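I opened a new model today. These are my notes on what I looked up.

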Amino acid sequence: MNTDIHAPLRDDVRRLGEILGDNIRDQMGEAIYDKVETIRSLAKSGRRSGDWQPLLAIMNSLQEAELVPVARAFAHFLNYANIAEQHHRVRRRRAYEMDEAAAPQPGTLAELMPRLIAAGVAPDQIHKTLLDMRIELVLTAHPTEITRRTLLRKHNDIDELLESLDRPDLTPGERQTLLNQLRRRIVASWRTDEIRRHKPTPVDEAKWGFGTVERTLWGALPKCLRLLDGQLQKHSGRRLPLDAAPIRIASWMGGDRDGNPNVTAKVTREVLLLARWEAADLLFRDIHELREDLSFGECNAALRERVGDHPEPYRQLLREVRQCLGNTREWAEVKLSGGNRYNKPIYLEDEQLLEPLQLIYQSLQDCGMGFVAEGMLTDIIRRIACFGLTLVKLDIRQESSRHARAINEVTEYLGLGSYLDWSEADKQTFLLGELASRRPLIPADMPASDDTREVLDTFAELARQPAAALGAYIISMATHPSDVLAVRLLQQESGCRPAQRIVPLFETLSDLNGAAAAIDRLLSVDWYKADINGRQEVMIGYSDSAKDAGFFAASWAQYRAQEALTRVCNSHGVHLTLFHGRGGSASRGGGPSQAALLSQPPGTINGAVRVTEQGEVIQFKFGVMGIALRNLELYASAVLEATLLPPPAPKAQWRELMQTLADNSVREYRRIVHDDPRFVPYFRSVTPELELQRLSLGSRPAKRRPSGGVESLRAIPWVFAWTQMRMMLPAWLGTGKALADQLEAGNLATIQEMANGWAFFRMLLGMQEMVLAKADINIAAYYEERLLEDASLQSLGMELRRGMSQAIETLKTITGEELLHNVPILRRSIDVRNPYVDPLHITQVELMRRLRKLEPSEAPVLELALMVSIAGIAAGLRNTG
């Protein structure tokens with residue numbers, strides 16, 4: 001018997017590679033195919049022998065017409081390797097679940113529930129915690145998902161075909177049909193332009209997010225709740241109520257206007273209407289399918305009274321429901337086209353739709369058809385609880401100074417003086433006085449600047465929306481109570497009832513260090529504390545803090561901020577929900593979600609958490625049904641465990657050493673990134689940062705300000721640029737030296753003890769290990785060799801590469817193993833990909849050299865080849881931004 005569990009993965013990769021090769025030969029000719037194969041062979045031998053000259057020779061001899069097809073060949077293969085690996089993860093999970101003798105898989109509810117009970121947690125406590133649990137995954141459109149939607153659909157088709165080919169009962173004819181379909185999908189992918197020609201609009205990004213809901217989350221979420229319900233019933237004897245929604249989906253797409261002038265009040269209105277249309281359409285399809293099933297005549301008295309003597313009472317009532325959903329969809333279309341009049345009955349509130357479905361559910365239960373009621377009808381009711389008629393809750397984000405300037409224009413217009421010049425105490429006195437006043441403050445005919453008019457228009461639009469459509473109102477750079485009270489006043493003036501909850505966001509290192517004091521001052525305002533009904537949400541930013549201070553120092557500041565915020569809220573008798581603004585890369589809080597949640601400070605999860613899912617991470621975690629279901633279950637089990645079995649508090653000695661590491665790390669990081677005059681020119685020269693601005697990644701500008709250095713660059717392209725040339729600098733700079741210094745000071749045993757006994761520290765080291773395993777000193781050196789002309793910049797490059805080597809060797813000393821020794825699947829995945837990414841790096845470097853001497857319009861072929869190389873490297877490395 002074959003015990004090689006990864007043989008099917010190799011077979012899939014080989015099959016996809018062979019079909020891709022055949023397609024290249026057919027579409028591009030024998031000469032291009034032979035060149036691609038030669039390059040592939042030389043790249044593999046170069047990795048084995050360390051002799052790169054033959055590969056460099058052939059790559060540098062490519063003609064301009066050959067650059068794009070060769071780059072595309074390697075980029076497409078890397079995408080297919082990703083698809084095969086994702087499919088294999090689902091395949092392995094299914095095999096695991098089919099083995100009745102196997103212990104439950106770690107991270108599953110089946111593994112957690114018995115462990116909770118064995119630890120003394122009462123079944124009733126588990127039940128209550130699940131009922132109160134609030135996990136919200138917030139989809140954001142940060143520009144790291146670079147694959148076009150049309151290509152993603154083809155990739156999903158390929159995944160489904162691989163699943164079909166796994167069936168052991170296929171006839172030869174059926175198998176050949178599937179292989180032909182697979183070949184057609186690969187040909188169609190090759191013929192599809194993988195590079196966006198235009199930047200997506202915020203509406204395009206929202207549609208992409210809705211597509212993720214439609215493709216996987218719509219089906220995966222009720223399946224996850226079935227798992228929860230089954231495990232809860234097994235271990236506590238109690239059920240998960242039908243209207244329970246422990247996991248919900250929210251979005252920033254079309255609501256995040258901080259630094260993005262393309263997100264306007266009009267855009268937000270359009271996105272909210274599109275979400276309503278999408279929800280009505282999905283529910284319409286569900287009800288249509290359910291109606292086909294419920295062709296019974298027997299019903300209870302309540303349903304009979306509702307529909308009269310109709311021989312098929314369930315179908316009759318569902319016909320009315322379906323018609324009303326169709327009307328709702330039509331109403332949204334009328335609104336989107338600018339119309340206002342619509343007279344047919346529609347659903348505006350979830351309760352309107354739930355009422356007939358609950359009536360049907362109860363009738364089926366009363367008539368002995370409970371098993372039928374527990375089928376698709378239960379899934380639909382749970383979808384309404386989790387998604388509702390608004391599909392996702394839309395968060396709004398804006399920077400605090402925009403609100404302050406709007407208030408300032410009001411006070412100056414009314415002759416009250418300049419709000420911006422007032423002290424914090426005077427601002428609070430004014431704001432609280434207006435909040436207590438019954439008269440309006442802002443005259444309807446007040447002239448306003450464009451920026452202030454947009455702020456006021458946004459609040460007016462939010463006031464027109466049902467509360468179910470909206471999530472949080474997030475304020476970035478919120479450091480004073482007046483920042484929050486200003487938003488609350490603007491909500492009141494616009495008629496936002498009930499008002500969105502207001503969430504301060506703390507991002508930089510200094511903001512994180514001052515977060516608890518800021519929230520303490522806010523909760524000390526009696527009016528505000530009475531207004532929030534005992535609940536406060538705070539967002540912790542991972543991206544800007546890491547760019548500001550480096551990965552280690554930022555991570556420690558985030559940890560301490562959560563502890564301090566929890567203490568403050570507890571002292572005020574207020575329940576705290578932490579909103580984690582995590583990204584895809586390690587330096588932006590990325591990595592395994594379960595490990596991240598279980599490494600949070602004890603007592604900070606407390607049954608509720610919000611987490612952003614950004615960019616390519618959405619496709620990676622939720623693009624395939626089986627993986628989406630696994631990730632939803634991981635979130636549920638991690639929050640349940642962190643709430644009921646929180647990790648032990650770290651020892652005082654560990655905290656002291658961690659603070660020393662953080663202090664030394666940030667000092668070294670800032671010495672280079674912020675203080676070394678060579679750094680910005682080096683960064684601009686060796687990374688494709690300038691070139692990334694040409695790639696149509698997202699609707700946001702790449703910089704907060706058109707000019708400026710590193711501090712003005714957004715965190716995502718900052719990480720993305722370093723990943724492209726394999727330096728991975730944001731994740732390790734400062735950290736490697738800080739750890740090495742402690743090893744030299746004789747603290748190896750203490751650091752190893754921290755890694756074994758402190759989940760937070762273990763996660764930090766694990767993230768470092770993953771990133772450094774993807775880093776490549778030789779590739780980074782090649783970028784420097786070909787792109788740097790200034791000797792002083794070359795000396796900085798040598799210094800940084802020594803720092804990377806030091807970080808790698810230090811980690812190996814701490815773990816006592818090679819990198820990723822304990823994660824062999826990831827180690828092999830990186831090793832397999834490297835020979836396919838190497839030619840893309842070489843191509844990219846040469847294209848950057850040529851294009852920097854030209855205007856983009858002068859060399860469209862070179863420009864396209866560069867964009868393909870960027871997309872291909874991103875596909876090969878993942879966790880890019």
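I set the exposure terms down: buried means under 20% relative accessible area, exposed over 50%, and partly exposed in between (1.4 Å probe, protein chains only). This is a predicted model, where local features need pLDDT of at least 70, side-chain atom pairs count only at pLDDT 80 or more, and totals for chains, interfaces and linings use all residues. Residues are numbered from 1 along each chain as its sequence is written, and side-chain values use heavy atoms, with hydrogens and water left out.

Entry one: asparagine 533. I found a positive phi of about 55 degrees here, although the residue is not a glycine. Asparagine 533 is exposed, at 67% relative accessible area. I placed it in the loop between α21 (526-531) and β6 (535-541). Helices (H or I, at least four residues) and strands (E, at least two) are DSSP runs, numbered from the N terminus.

Entry two: leucine 820. Is leucine 820 buried or exposed? It is buried, with a relative accessible area of 3%. Its phi is also positive, near 60 degrees, in a residue other than glycine. Leucine 820 sits in the loop between α36 (791-815) and α37 (824-851).

I noted that the peptide bond from arginine 497 to proline 498 is cis, with omega near -10 degrees. Proline 498 belongs to the loop between α18 (481-494) and β5 (501-506).

I traced 8 strands in a closed barrel, β1-β2-β3-β4-β5-β6-β7-β8, with parallel pairing. Two strands pair if DSSP finds at least two bridges between them. β7 (residues 575-581) and β8 (residues 608-614) pair in the parallel sense over 3 bridges. Leucine 578 stands opposite valine 609 in β8.
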